[in-house]
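Colleague: I am new to this structure and would like to understand the words used to describe it. Could you show it to me and then take my questions in turn?

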Amino acid sequence: MTDILTNLRNISGDTYVLSGNDDRKAFDTDVFGDKIGSSLAVVRPANTDEVAAILKLAHETGTPVVPQGGNTGLAGGATPTADTTQIVLSLARMNAIENINPETRTATVQAGVILQNLHDAVAKHDLIFPLIFGARGSCMIGGNISTNAGGSNVLRYGNTRALVLGLEVVLPDGRVMNLMNALYKNNTGYALKDLIIGAEGTLGIITRAVLQLHPAPVARATALLSVASLPAALTLLRKLQDASGGAVEAFEFMPENHMQGYQNLNPDRTLPLETPGAVNILTELGATSQLLARPGDDGRPLIENLLEDVLTDGFENGDILDAAIAQNDSQRDAFWHIRESAYEVATSDGPAIDFDVSVPLDQVETFLDQAAKRLASVVPGMRKTIVSHLGDGNIHYGVLPENNRNGIAPALKTKVMEVVEDLVTELNGSFSAEHGIGTSKRPSMARQKDPVALDAMRAVKAALDPQNIMNPGKVLP
Ligand SMILES: Cc1cc2nc3c(=O)[nH]c(=O)nc-3n(C[C@H](O)[C@H](O)[C@H](O)COP(=O)(O)OP(=O)(O)OC[C@H]3O[C@@H](n4cnc5c(N)ncnc54)[C@H](O)[C@@H]3O)c2cc1C
């Protein structure tokens, strides 16, 4: 063990190898504070060469390595398990934005770049990296890629996979695999880049990436709506897409108890809707061409007029019950604050059994109805927290049993997971839409994933990481 620590210090320098309990604590503990591992050390390399040297050492000594970015992952993938021989490899020091190319609309970055820092840097070129969610102030690009993160704008821009053109990856034996192209077309054999994306650090360590950027919207229209029902919300989404030529960037669903929970946590803020109902929708349209951004007769951007026309139609036919349109950036921020407080709202009432599922868009209502019915007998007195990226069918569903603050019995948790995941499977959905598998969804992988697909995954893992040193105990059941 001493040899490994000495060798790590020789590679990255004394300052960047943390072995004391207090120094390691934040790295050994997940974002919820309930998965607490115990690593041998945390190493914080400065560049790809150091990452390669560390993995070569790990390969030669059979030392397990847990890659870590911002440690905001919600599936327990970024922290060590109880095995005290593991080292955490933090990418935090590899935080350079190497290049932003406005001509090709690409950025070349190191894996430890914080998502918000990339947003700020590309904004100076009137560009966006359209991956948006509440943890953007601390999550890192390598973690985003490793989890194939989603968020609020998937509807328009796809998830992280759709935004990555090239990768540099250090393989478990320390070799550097160079897939750093900035090409839109490259049919040269197996899609290794796509294999690494979403692998949650089990196949290698991402050190650099080439990312695709998009033009920043020149005008936006943002509205918070109370809608008659989920099917009415879907109709509205279709109409907004048709009217705007696919410019809907976000279409987020928050039920009444989310709005109430938000109000409880923020008593000094006034909710924009006078009458939040059962189905509240935050929608945002982005005009990336001057055609939709130029002023209409009333001086406001056409995209706002267009949104208003669709909403007027919705009021007339009874689909929309109440609406507020953001008049300026601070109102827009206030609308988004309600949605992006989902984590605080969901955790304010103690621990929950959390799900991150997706179903076909027209099955969201069935999922919510059926889940409530089937769980009623399993979890007497159940409360739930729900928010949904409705535009892509992704539902964050939390089940809070009675007396949850005293802990949730493992048997109850397993039963609830089975009920919800069986329902998801019946509806042709997925038990993990965007947060990944980590440790928390491994039992679900065993229960729900196609066994032949699992065999293929195990074969890939064995081929690239025969010693099982890359993030062991994660993803594969
Ligand atoms: C408030 C809040 C809101 C969130 N909202 C969303 C959301 O809307 N959509 C969504 O998809 N997620 C969301 N998340 C989850 C989380 O932020 C994302 O999964 C994010 O992409 C993780 O990035 P990270 O840098 O924190 O990764 P980490 O948590 O550090 O790591 C995540 C996984 O990736 C691996 N990993 C990290 N870096 C590397 C690397 N360089 N090479 C190889 N493997 C690596 C880790 O081992 C781990 O398995 C949210 C989390 C919070 C706390």
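Colleague: What covers the buried residues of α4?

Modeller: In this model, which is predicted, the cover over the buried residues of α4 includes the strands β5 (97-101), β6 (106-110), β7 (127-128) and β10 (205-212), together with helix α5 (141-147). The buried residues themselves, in a helix that runs over residues 115-123, are Leu115, Leu118, His119, Ala121 and Val122.

Colleague: Why is valine 310 called buried?

Modeller: Buried means under 20% relative accessible area, and valine 310, with a relative accessible area of 9%, therefore counts as buried. Valine 310 is found in helix α11, and, leaving aside its neighbours within four places in sequence, valine 310 is in contact with Leu236, Lys239, Leu240 and Ala243.

Colleague: How do you know that α8 and α11 are packed against one another, and which residues make the contact?

Modeller: The axes of helix α8 (residues 230-244) and helix α11 (residues 302-316) come within 10 Å and cross at roughly 145°, and α8 passes α11 in a right-handed crossing. The contact is made by Leu236, Lys239, Leu240, Ala243 and Ser244 on the α8 side, and by Leu306, Leu307, Val310, Leu311 and Asp313 on the α11 side.

Colleague: At what angle do the axes of α14 and α15 cross?

Modeller: The axes of helix α14 (residues 364-376) and helix α15 (residues 410-426) cross at roughly 145° and come within 10 Å, with α14 passing α15 in a right-handed crossing. Here α14 contributes Phe367, Gln370, Ala371, Arg374 and Leu375 to the contact, while α15 contributes Val416, Val419, Val420, Leu423, Val424 and Glu426.

Colleague: What makes glutamate 426 and arginine 374 a salt bridge?

Modeller: The cut-off is a side-chain nitrogen of Lys or Arg within 4 Å of a carboxyl oxygen of Asp or Glu, and the side chains of glutamate 426 and arginine 374 meet at 3.0 Å, N to O, so the pair qualifies.

Colleague: How many salt bridges does the structure hold, and which parts of the chain does the pair of aspartate 349 and arginine 383 link?

Modeller: The structure holds 23 salt bridges. In one of them the closest N and O atoms of aspartate 349 and arginine 383 are 2.8 Å apart, and the pair links distant parts of the chain, with aspartate 349 in the loop between α13 (342-347) and β16 (353-358) and arginine 383, 34 residues away, in strand β17 (residues 383-389).

Colleague: Why is aspartate 349 called partly exposed?

Modeller: Partly exposed covers what lies between buried, under 20%, and exposed, over 50%, so aspartate 349, with a relative accessible area of 31%, is partly exposed. Arginine 383, at 32% relative accessibility, likewise counts as partly exposed.

Colleague: What separates aspartate 455 and arginine 458 along their helix?

Modeller: Aspartate 455 and arginine 458 are separated by about one helical turn, because they are three residues apart in helix α17 (residues 451-464). They form a salt bridge whose closest N and O atoms are 3.8 Å apart, which is within the 4 Å cut-off.

Colleague: Which residues make the nonpolar surface patch?

Modeller: Val31, Phe32, Leu74 and Tyr343 make this patch of about 280 Å². Patch residues need over 30% relative accessible area, and valine 31, which counts as partly exposed at 31% relative accessibility, therefore passes that cut-off. Valine 31 is found in the loop between α2 (21-28) and β2 (41-43).

Technical notes
Residues numbered from 1 in each chain as written. Predicted model: local features only at pLDDT ≥ 70, side-chain atom pairs only at ≥ 80, totals over all residues. Heavy atoms only, no water. Patch = residues over 30% accessible without salt bridge, like charges linked within 9 Å, V, L, I, M, F, W, Y side chains within 5 Å. Areas by Shrake-Rupley, 256 points an atom, 1.4 Å probe, with all protein chains shown as cover. Helix = DSSP H or I, 4+ residues; strand = E, 2+ residues; numbered from the N terminus. Buried < 20%, exposed > 50% of the residue type's maximum accessible area, 1.4 Å probe, protein only. Axes fitted to C-alpha atoms, helices over the stretch in contact; angles between N-to-C directions. Left-handed = near helix turned anticlockwise from the far one by under 90°. Contact = heavy atoms within 4.5 Å.
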